[in-house]
Amino acid sequence: MAKIIEGSGLGLRYSFAEEVLEKSDLPSWFEIAPENWMKRGGFFKRTLKKIRERVPIACHGLSLSIGSPDPLNREFLKELKEFLDSFEIEVYSEHLSFSSLGGEYLHDLFPLPFTEESVRRVAQKVRKVEEILERSLILENISYYLSLPGEMEEWEFINAVLEESGARLLLDVNNVYVNSLNHRYNPYEFIEKLDLSKTAYIHIAGHERFDRIIIDTHGAPVIDEVYRLLEFTLQRTGPVPVLLERDNNIPPYDELLEEVKRIEELCGVGK
Ligand SMILES: [Fe+2]
């Protein structure tokens, strides 16, 4: 993938999008959920256009449902392509999960059974999506709270999907950390087993602990242990773009920018 995005980026939220326009200090790039912006009216589109004139934007989708047995929603993909084209957005990632079944949208991301059948289904759909969007697809490892019976380990499943589909990896380091605690495995070993040569970019975020479970809320600052895991990962991937996700309890923009700068210092790791 050409270096369309590089360095550290930030998830763009409505709550500070307008403020961004008045700032001279921006992250190297922003990421948006296209579903949140595609149907918006003139004001939001104009704001996004102005931001896009200054820095690259990546799209991280929510509703593709790549692992669902349902057929792809071609109408949605057509609208998505128009949106990506009109904002000159080349980077598009989605979740390795399903979020619809029997034509119903479930408004959450569910894990796939780690099976050969899932690998084949996802790979077939990836190729179709890439054909329609005329862009390569990047898939993210999700956080999950129940596992379906499968035939392989999660890392084997991710590697098999990347191999069979040709998609690249959005490696969410916080998701690995959260899953490692909830499902009791070693996050460092997990990362070492992934085919990191296929990493397109990385996500990092905060999470919250509730009694015996840890939830990937994106509602708190990134903790030091996750920063350590990020550094460990970057030492193995070499320099790849890293994005800070913050979707809840959103602090003032300047505070987020401080966190982005801390990540920027790590982005050169492995150079
Ligand atoms: Fe993520």
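Me: What makes Arg-236 count as sitting over the ring of Phe-232?

Reply: A charge sits over a ring if NZ of Lys or CZ of Arg is within 6 Å of the ring centre and within 35 degrees of the ring normal. The charged end of Arg-236 is 3.6 Å from the centre of the Phe-232 ring, so the label applies. Arg-40 likewise lies over the face of Phe-44, at 4.6 Å from the ring centre.

Me: What should I know about the source?

Reply: The model is predicted: local features need pLDDT of at least 70, side-chain atom pairs count only at pLDDT 80 or more, and totals for chains, interfaces and linings use all residues. Residues are numbered from 1 along each chain as its sequence is written, and side-chain values use heavy atoms, leaving out hydrogens and water.

Me: Which residues are the protein donors of the iron ion?

Reply: Glu-140 (OE), Asp-172 (OD), His-203 (ND1) and Glu-245 (OE), at 2.0 to 2.4 Å. Donors are N, O and S atoms within 2.8 Å of the metal (3.2 Å for Na, K and Ca), so these qualify. Water is not among the atoms, so sites may look incomplete.

Me: Why is the site of the iron ion called irregular?

Reply: Its four donor atoms make angles of 81 to 165 degrees. Four count as square planar and six as octahedral if opposite donors are over 155 degrees apart and all others between 65 and 115; anything else is irregular.

Methods
Four donors count as tetrahedral if all angles lie between 85 and 135 degrees; four count as square planar and six as octahedral if opposite donors are over 155 degrees apart and all others between 65 and 115; anything else is irregular.
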